[in-house]
Amino acid sequence: CHLTRYSSDWLLVLFACFCVFQTRSLLSVFEEDAGTLTDYTNQLLQSMQRVFGAQNEMSLATEQLSKQLDEYEKQNFALGKGDEEVISMLQQFAKTVEELNSLHADLATQIADKMVFPMVQFREKDLTEISTLKEIFGIATDEHEAAMVKYSRLPKKRENEKLKAEVVREVAYCRRKQHQASMQYYCALNALQYRKRVAMLEPLLGYTQAQINFFKKGMELVSKKMDSFLASVNSMTHSIQAQLDAEAESMRLSQRELLSVDDTVYMPDYDREPVNRTLIQKAGYLNIRNKTGLVTTAWDRLYFFTQGGNLMCQPRGAVAGGMVLDLDNSSVMAVECEDRRYCFQITSPNGKTSLILQAESKREYEEWICTINNISRQIYLTDNPEAVAIRLNQTAIQAVTPITSFEKRAEGSPNPDRARPGGLVPGSSKKAPAVPEPEDLIAPGTPIQFDIVLPASEFLDQNRAGGRRTNPFGETEESSSSTDDSLLQQVFAVRFLGSMAVRSGHTQEVIYEAMRQVLAARAIHNIFKTAESHLMVTSSCLRLIDPQTQVTRISFQLRDVTQFAAHQENSRLMGFVVEGADWSEGAEEGRPSFSAFVFESNTEGEKICYTINLGKEIAEAKKDPKALAQLMKSMPLTNDGKFLLLTSEAGHAANEGGEDDLESEA
């Protein structure tokens, strides 16, 4: 054999039994090539598996897309009107995507079978075989080396033929085993040079054929079934885009026009338009005060709107609003709160629920007050609420001309006709109508007095040296223990809201109408401060006492009180009518005149009315000693012989001194 003549590209099986230098050098080159091929094959297989994973994910994604397109019809869109064409087209697209999904699924299967599987088979079969044969060849070589070591140790002098024969046979067996292992290993390495070429080309051939089949089927699907449909969709999208462009241009022009206005338009308290006092609906942002602790509060800016007779609030992020307060028969009033501007308070009819809100500007502030005041009168239930609101607003403005002192009342009535129609005197045979009109109870344009100003001369008379002040707790000096007031003295903490002349003095409706006009006038003129006073009820008179100075601000004889009542809805409101004489016409005997006084108490107005009624019963019973004794037996008495009614409500306020000005909750 010519050992020096061999190809450098192949391992000659002939040399497998010879340990020549060329064979071992060439073997190391083949082994290095096999190792490089193994690394590259692993990386190539990862890339192919990634392609298969992406295609499989594409199949799953298109399947989910088809289902989502079908779900569009089932969505409850708030603005879904006019989507019928879109729904039909989406359903057609869903069918198309479903067909494409079948193509993608088929492509994923072909990629797995024709690209990934051959590469996996090459790696697991051929490359694993090379690795196994390499290990066998290494073991055979190690055994041959061990046998040669034994053979080399045989002694020269005392040769043991039997031992020598065994060692020779062992060397021959190991050489044959090594020769067989090397021949198989060399053959596998030589065959790997062919197999790697097939292994590189076959998967890519299968991948390309799968893609070609996929595109052919896709073209058939699109060209045969989708041409007309895609043309209609394209036409529809162009039409919608044209509408969008026209709308966008219109919005750009509107924005340009709006941005060209003066900066004063954006100022929060710069309102050029006049206040609309006839609204029956209102919406906008308001700040609401919420309690966060016993003495701490927080303000939240929320969106409020009226709906029918309810005040609604829509928090941020909410789809719809919820009811905050029922405005029917409620009262609204401007208040001062925490040094903030434009605050007003809404109180429920029973007085248990109240809200303090803050508007952004003076115009918003006044319109909210007027709107809530109109809704509280249930104008929205009439046939023509706008006309009714205009008429009531004109009446309220005419009825509000504030005066500051009772001295002006004594100078004469500004409207001489106010006591003529509908006026009732004791003993009169006239009967009031079942449902009197407001004009029959109070003359239009009647002025309203919001405060009681004590004349300077009367104030000096009550405070000069030696003068006696009224004790609001019923503790009188010994010199006054025998007066007519000794049987009944009850004090209530009240706030004077207003008074006005009325035409009738013997119906409770006139008191209710006076309450309505006084509260409306205070809201229109933003009069919210009220001074607390003590109303003393005795068996002979009613006295309004200043809690700071104990000076009687005004007093009425109990016999002149012709009517008294508490508000039907807001139990803290009460009022009474006092009869007087009008001397403005110069008659010898003055004409009967009536004045209504409205108060807000810290307790229920019914208690004050009950006490006034008891005072009248005591006054009548004094005329008959037997009747007085019977009345005293039927009522509990105190230790000093007075009628025991209620615990004094003004004691706590009198001890603490109170505040000069309080906020009315009427």
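Reader: Is Tyr 186 buried or exposed in this structure?

Author: Tyr 186 is buried, because its relative accessible area is 4% and the cut-off for burial is under 20%. Bear in mind that this is a predicted model.

Reader: How do I read a pair of aromatic rings?

Author: Two values describe such a pair: the distance of the centres and the angle of the planes. A search of the whole structure gives 13 aromatic pairs. Take Phe 137 and Tyr 186. Their ring centres are 6.2 Å apart and their planes meet at 50°, so this pair is tilted.

Reader: Where do Phe 137 and Tyr 186 sit in the chain?

Author: Phe 137 belongs to helix H2 (residues 84-152), and Tyr 186 to helix H3 (residues 161-259). They are 49 residues apart, and the pair links distant parts of the chain. Phe 137 is buried too, with a relative accessible area of 9%.

Reader: Which residues do ring pairs link into a cluster?

Author: Phe 496, Phe 556, Phe 576, Phe 597 and Phe 599.

Reader: Which charged ends sit over rings?

Author: Here are two cases. The charged end of Arg 301 lies over the ring of Tyr 285, 4.3 Å from the ring centre. For Arg 197 over Tyr 194, the distance to the centre is 6.0 Å.

Reader: What does H10 span from its first C-alpha to its last?

Author: H10 has 17 residues and reaches 24 Å, close to the 24 Å expected at 1.5 Å a residue.

Reader: What does Asn 373 touch?

Author: Leaving aside residues up to four places away in sequence, Asn 373 touches Val 332 and Ala 520. Asn 373 lies in helix H4 (residues 362-376). Asn 373 is buried, with a relative accessible area of 16%.

Reader: What about the protein chain as a whole?

Author: The protein chain holds 12 helices and 17 strands. Of its 666 residues, 39% are buried. Among contacts with a separation of 6 or more, 68% join residues 24 or more positions apart. The accessible surface is about 38,900 Å², and carbon and sulfur atoms hold 52% of it.

How values were computed:
Residues are numbered from 1 along each chain as its sequence is written. This is a predicted model: local features need pLDDT of at least 70, side-chain atom pairs count only at pLDDT 80 or more; totals for chains, interfaces and linings use all residues. Side-chain values use heavy atoms; hydrogens and water are left out. Helices (H or I, at least four residues) and strands (E, at least two) are DSSP runs, numbered from the N terminus. Buried means under 20% relative accessible area, exposed over 50%, partly exposed in between (1.4 Å probe, protein chains only). Contact means heavy atoms within 4.5 Å. Accessible areas come from the Shrake-Rupley method with a 1.4 Å probe; for residues, only the protein chains shown count as cover. The expected span of a helix is 1.5 Å times one less than its number of residues. Rings of Phe, Tyr and Trp (its six-membered ring) pair if their centres lie within 6.5 Å; planes under 30 degrees apart count as stacked, over 60 as edge-to-face and the rest as tilted. A charge sits over a ring if NZ of Lys or CZ of Arg is within 6 Å of the ring centre and within 35 degrees of the ring normal.
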